[in-house]
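Welcome! Take a moment to turn the model around on your screen, and then we will walk through some of its features together.

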Amino acid sequence: MAEESEKAQAPRQFGIFYPRGYVVIAFEKQAEADQMRRLLIDGGYDENDIKSLSSEQVLQGASDDLRELSPLIKALGDEALMAKSHVASAAKGHTFLVAYAPSDLDTERLMNVARRVGYAKAQKYDRFTVSEL
């Protein structure tokens, strides 16, 4: 039941996970994600603005989203491409952080920390676009 409630509360667009104003970062190792989280909190981030997701959570959630996504959105939107990207990373065992970074300056500061830690990939979800960072 908690899993269904968590999915219902997750930010969505066109029926798929879409955390507008957030950066989704994939790390090869759990230790890297943990280090990034600690650095962000030590740097002033609120714990509620950072969410950790295991490879299993992302693999399940993104796979479910892709199965339920309408053919029109699959054909026209970046959302399906991002979900497929998350599935591929999760299948490799990557751990994910979802961190709030609404402005370009917030995003750059966040990515400065991510570059120091090392990351596999990162995407910024804005109102109309998803950008690779």
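In which strand is lysine 124 found? Lysine 124 sits in strand E6 (residues 121-125); helices (H or I, at least four residues) and strands (E, at least two) are DSSP runs, numbered from the N terminus. Please keep in mind that this is a predicted model, where local features need pLDDT of at least 70, side-chain atom pairs count only at pLDDT 80 or more, and totals for chains, interfaces and linings use all residues. Residues are numbered from 1 along each chain as its sequence is written, and side-chain values use heavy atoms, with hydrogens and water left out.

**The whole protein**
- The protein has 6 helices and 7 strands, and from the N terminus on their order is α-β-β-β-α-β-α-α-α-β-α-β-β.
- Of the 133 residues, 39% are buried; buried means under 20% relative accessible area, exposed over 50%, and partly exposed in between (1.4 Å probe, protein chains only).
- Among contacts (heavy atoms within 4.5 Å) between residues at least 6 apart in sequence, 75% join residues at least 24 apart.
- The protein exposes about 7,700 Å², and carbon and sulfur atoms supply 51% of that area; the Shrake-Rupley method with a 1.4 Å probe gives such accessible areas.

**Lysine 124**
- Lysine 124 counts as buried because its relative accessibility is 3%.
- A polar atom of the lysine 124 side chain lies 2.7 Å from the backbone oxygen of alanine 101.
- The side chains of lysine 124 and aspartate 126 are joined by a polar contact of 3.4 Å; a polar contact is a pair of N or O atoms within 3.5 Å, and within protein one must be able to donate a hydrogen and the other to accept it, while residues adjacent in sequence count only if both atoms are side-chain atoms.
- Not counting residues up to four places away in sequence, lysine 124 touches several residues, including Tyr22, Val23, Pro102 and Leu133.

**Strand E5 and its partners**
- In strand E5 (residues 95-100), 5 of the 6 residues are buried, so the strand is largely enclosed by the rest of the structure.
- Strand E3 (residues 22-27) runs antiparallel to E5, with 6 bridges joining them; two strands pair if DSSP finds at least two bridges between them.
- Valine 23 has alanine 99 as its bridge partner in E5.
- Strand E4 (residues 50-53) is also antiparallel to E5, through 4 bridges, and leucine 53 has phenylalanine 96 as its bridge partner in E5.

**Glutamine 60**
- Glutamine 60 belongs to helix H3 (residues 55-68), and it counts as partly exposed because its relative accessibility is 39%.
- Glutamine 60 and valine 87 are 27 residues apart along the chain, and their C-alpha atoms are separated by 8.3 Å.
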